[in-house]
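Open the model in your viewer and keep the selection tool at hand. The stops below say what to select and what is there.

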Amino acid sequence: MPSSALTTLLWSIAIVFLLVGLALAYLWIRYAPIIGRIFEDSPVFRPLRADPLEGGEEVRFPTADGYSLAGTYLRSRQGSRIGVIVFCHEFLGDRSSAGPYAGTLLDLGFDLFSFDFRNHGESDSEPGHSPLQWTSNRETRDLKAALAYLRNRSDADPAGVGLFGVSRGGATAMAVAAREPRVWGVVTDSAFPTRGTMTAYILRWAEIYVGTGPIWRAMPLFVFKFVGWAGRKRTERRLGRRFPDIERAVARIGPRPLLMIHGEKDNYIGPDIARGLFAHVQEPKELWIVAGAKHNRSREVDPIAYREHVENFFRRYAPRRPGTGKEANEEPDAAVGSAATGI
């Protein structure tokens, strides 16, 4: 290559890097306060309020960092146990919501354990810690403590547990299941990733906060992802917590099964965000998009279908078959279906 052509190429590369750097700086200066607000402001959620769980064993158990969490252990109504399900409640909720969401699993032969995350319900509150809607290392630490407690019970199930989480509780279940091989299956309702949700919000608001000119439209997607990552890291340092990468976590759950439920009319976490997260999941996996349902409202929109999806999934993948005590490794019950409805 002639020296003049090489020089031109090098100058062109330098100019491209300079323009990308200026774009990053521009977005960071204009967008940093907005990104911080996304992380640190909570939308107006209406958590489910349910009657306290009755007929269960009230327990307390410690976390690795010294807090005491409250939980309720309910035994199967069938007299024999085909598996144990751990319920993870939504942001601002408490363990009592396990009743409306998962109470019928007791009739199928499952034991059910529900607990309050720190700063919720009757669990200890961490001084100076303000919970957010995003899954952080505090929520994953609490769920790990719950699993450790169940492993140490005299009636611990050697097969492990299934997880059922709603919204932030669902994302927490995904994050922990990725590193807990004794989790045999996961169901989530309205679960969402931190990284994917942030990118979607940044793109949605870019024209409003950055400007309507052609600059932001010409920027490649990785620029917005970088700005989101940088903003997240700044918030982590400021608040003293970490936000796990949910997309990376769900990719490690398979070959254990995962069912994701999501509302078609979810205004907080659009179905496209849910589909993007679902794309990271390995088989076996199922996605049910509930027509007309808003965030955390799929159960209310179609309670019969909701119950059937959840019950069929857990019954299909339960460690044992009802009434036999044997492993459920032969002909599984007909489940929701491998096709992802609504995609």
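**First stop: the cores**

Select Phe61, Val86, Phe113, Phe115, Leu143, Leu163 and Met174, which touch the most other members of the largest nonpolar core, a set of 38 residues. A nonpolar core here is a set of buried Ala, Val, Leu, Ile, Met, Phe, Trp, Tyr and Cys residues joined through side-chain atoms within 4.5 Å. Buried means under 20% relative accessible area, exposed over 50%, and partly exposed in between (1.4 Å probe, protein chains only).

This is a predicted model: local features need pLDDT of at least 70, side-chain atom pairs count only at pLDDT 80 or more, and totals for chains, interfaces and linings use all residues. Residues are numbered from 1 along each chain as its sequence is written, and side-chain values use heavy atoms, leaving out hydrogens and water.

Now centre on Phe115. Leaving aside neighbours within four places in sequence, Phe115 is in contact (heavy atoms within 4.5 Å) with residues including Phe61, Leu69, Val86, His89, Arg95 and Leu143.

**Second stop: backbone details**

Select Gly254 and Pro255, which are joined by a cis peptide bond with omega of about 10°. Pro255 is in the loop between α9 (246-250) and β7 (258-263); helices (H or I, at least four residues) and strands (E, at least two) are DSSP runs, numbered from the N terminus. Go on to Glu283 and Pro284, where the peptide bond is also cis, with omega near 0°. Pro284 lies in the loop between α10 (271-278) and β8 (285-290).

Next, select Leu92, in the loop between β3 (83-88) and α2 (98-102). Leu92 is not a glycine, yet has a positive phi of about 75°.

The structure holds 25 salt bridges, each a side-chain nitrogen of Lys or Arg within 4 Å of a carboxyl oxygen of Asp or Glu. Which residue forms a salt bridge with Arg81? Select Asp157: its closest N and O atoms with Arg81 are 3.9 Å apart. Asp157 is buried at 5% relative accessibility, whereas Arg81 is partly exposed at 22%.

Arg320 lies in the segment after α12 (303-317) and Asp157 in the loop between α4 and β5, so the pair ties together parts 163 residues apart in sequence.

Finish with Asp65, Arg118, Glu126, Arg138, Arg141 and Asp142, which are linked in a network of salt bridges.
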